[in-house]
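Hi,

Here is the structure I promised to pass on.

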Amino acid sequence: MSKIESNFYKAAAKYWATIPATIDGVLGGFGHISNADIKGSKAFIEDLFAQGKGTAKTRALDCGAGIGRVSTQLLMPIFEKVDLVEQDTKFALSAKAEFGDDNPKLGKIYVEGVQNFKPEHQYDLVWCQWITGHLKDYDLIDFLKILKGALTANGVIVIKDNVTSEKTIEYDEEDSSVTRPLLLFETIFKEAKLKVISQRIQDEFPQEIHPVFMFALAPSE
Ligand SMILES: C[S@@+](CC[C@H](N)C(=O)[O-])C[C@H]1O[C@@H](n2cnc3c(N)ncnc32)[C@H](O)[C@@H]1O
């Protein structure tokens with residue numbers, strides 16, 4: 001990894017270390033959109049199931065899981081086990097507490113950067129929400145290839161993230177993240193040999209934020 005790339009990751013870790021372990025914290029002051037977000041994600045998953053995609057419900061993985069908002073509200077009610085990857089220790093501890101003591105649905109919490117994550121299990125669903133912007137393009141391609149190798153036969157990766165309507169990538173210095181245009185997402189998916197099997201824009205979100213897309217991805221070969 002080059003020096004610039006490693007600074008990109010260090011700056012993000014430093015930023016998140018200053019943020020409180022609350023829904024408002026992990027959603028950058030937009031905690032009030034959480035309910036609409038979870039509702040939109042549920043409808044997207046239900047639609048995938050209705051199409052016969054990603055239908056097994058054994059194990060899911062939540063990447064960049066924060067305080068376990070998505071894990072506990074979306075994934076836990078559906079899957080037998082949920083694993084999480086989250087690099088910030090206080091968020092990981094908060095996620096563990098959200099699941100509650102000895103909750104059999106909690107698998108393992110990997111407290112590490114997603115760019116270093118090596119899966120130990122196979123997953124029916126991998127959920128990546130508001131995390132892809134924290135990866136450099138080539139690391140995101142490698143990460144997606146690794147996730148693809150950890151999918152069960154009918155497994156699916158879902159990316160839910162901001163998409164800019166500008167033609168070029170936008171860099172946010174505050175949290176050291178990027179927002180990509182749709183075309184770049186499509187190029188990255190292609191490079192990772194993944195195809196989009198379903199795509200939707202989240203509704204009921206405020207006008208002033210970037211459009212948030214959900215992409216369901218499956219191996220293209
Ligand atoms: C915007 S929050 C989203 C949290 C969660 N996905 C949600 O929707 O509630 C981004 C999260 O990604 C985590 N994060 C940032 N860079 C990361 C990295 N390289 N590896 C793992 N987690 C990272 C942050 O600590 C933070 O918890």
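Below is what turned up around the ligand and the cysteines.

First, some housekeeping: this is a predicted model, where local features need pLDDT of at least 70 and side-chain atom pairs count only at pLDDT 80 or more, while totals for chains, interfaces and linings use all residues. Residues are numbered from 1 along each chain as its sequence is written, and side-chain values use heavy atoms, with hydrogens and water left out.

Now the ligand. There are 19 residues around it, and Gly64, Arg69, Glu86, Val114 and Gln129 come nearest (near means that a heavy atom of the residue lies within 4 Å). This shell splits into eight nonpolar, seven polar and four charged residues (Asp, Glu, Lys and Arg count as charged; Ala, Val, Leu, Ile, Met, Phe, Trp, Tyr, Cys and Pro as nonpolar; the others, Gly among them, as polar).

Look at the side chains of Glu86 and Gln115: an N or O atom of Glu86 is 2.7 Å from a ligand oxygen, and one of Gln115 is 2.9 Å from a ligand nitrogen. At Gln129 a backbone N or O atom lies 2.9 Å from a ligand nitrogen.

What about disulfides (pairs of cysteine sulfur atoms within 2.5 Å)? The structure has zero of them.

Cheers

Note on methods. A polar contact is a pair of N or O atoms within 3.5 Å; within protein, one must be able to donate a hydrogen and the other to accept it, and residues adjacent in sequence count only if both atoms are side-chain atoms. A disulfide is a pair of cysteine sulfur atoms within 2.5 Å.
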